[in-house]
Amino acid sequence: MTRHPRTRTARDLQRKTPKRPPYPRILIVCEGEKTEVTYFEEIRQEARLPTVDVRVIKSPFGTEPQQIVEGAEEVFAKSRRFEKVYVVFDRDDHRTYSNAISMASARDGALKNDEKERVSFKVIVSVPCFELWFLLHFVNISAPLHRDEALERLRRELPGYQKGNSGTYAATASRLAVATERAIALRMRYSCLPGTDPYTGVDELVHVLRNLKNGQP
């Protein structure tokens, strides 16, 4: 018996309706145009996570931390299709570092996505710079250091390293566990504020990305 056209259309539409992935959709907005974006993109690709569900971009408004937070909110507002938003920036010499952390905290749980769910809005900061995270794969850092020193020491451990190089994740992945332990130890000892002691939360975002398909938080 031939089904009514309206019934067929409804069923066809139901089949074509895109399904949400079995994990949170994530937006990552980075200070850097190359280093951070390239690193997180390599993790996304290894995990075979679609760009529509895990989007990694540079800040559209500028590199000051406050601009990164504002840019992330702007990008999110265009589609509201994410459950988690991460803003990634360094302490460096930024004037709006502390203010940006407060701004992100105020947005955490205050925004709602396309399914009317409250959105997680988190900062992933590194003091003094993102390269501290890479350096922790090789050296146990416990004292404050300048970004130039962090970069110089990293190049001794990872010859040929340049900002934005591809392959950094592959070159450091075997040491991920020890870097994570060291990052956690720094967070237990220091705070991201006022931003004078070595600190990084990059391991937390790496953990999230690597475990998305396993259904872990």
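How many of the 13 residues of α2 are buried? The model is predicted, so local features need pLDDT of at least 70 and side-chain atom pairs count only at pLDDT 80 or more, while totals for chains, interfaces and linings use all residues. Residues are numbered from 1 along each chain as its sequence is written, and side-chain values use heavy atoms, with hydrogens and water left out.

Of the 13 residues of α2, 10 are buried, so the helix is largely enclosed by the rest of the structure. Buried means under 20% relative accessible area (1.4 Å probe, protein chains only). Among the buried residues are Thr 35, Tyr 39, Phe 40, Ile 43 and Ala 47. The buried residues of α2 pack against β1 (26-30), β2 (54-58), β3 (84-90), α5 (131-135), α7 (168-172) and α9. Helices here are DSSP runs of H or I with at least four residues, and strands are runs of E with at least two, numbered from the N terminus.

Helix α2 (residues 35-47) packs on helix α9 (residues 202-211) at an angle of about 25°, with the axes 9 Å apart. That makes α2 roughly parallel to α9, a term for angles under 35 degrees. Axes are lines fitted to C-alpha atoms, for helices over the stretch in contact, and angles run from 0 to 180 degrees between N-to-C directions. On the α2 side, the contact (heavy atoms within 4.5 Å) is made by Tyr 39, Phe 40, Ile 43, Glu 46 and Ala 47. On the α9 side, Val 202, Leu 205, Val 206, Leu 209 and Arg 210 take part.

Just after α2, Arg 48 takes a positive phi of about 55°.

Definitions and conventions:
Angles under 35 degrees count as roughly parallel, over 145 as roughly antiparallel, 65 to 115 as roughly perpendicular and the rest as oblique. Buried means under 20% relative accessible area, exposed over 50%, partly exposed in between (1.4 Å probe, protein chains only).
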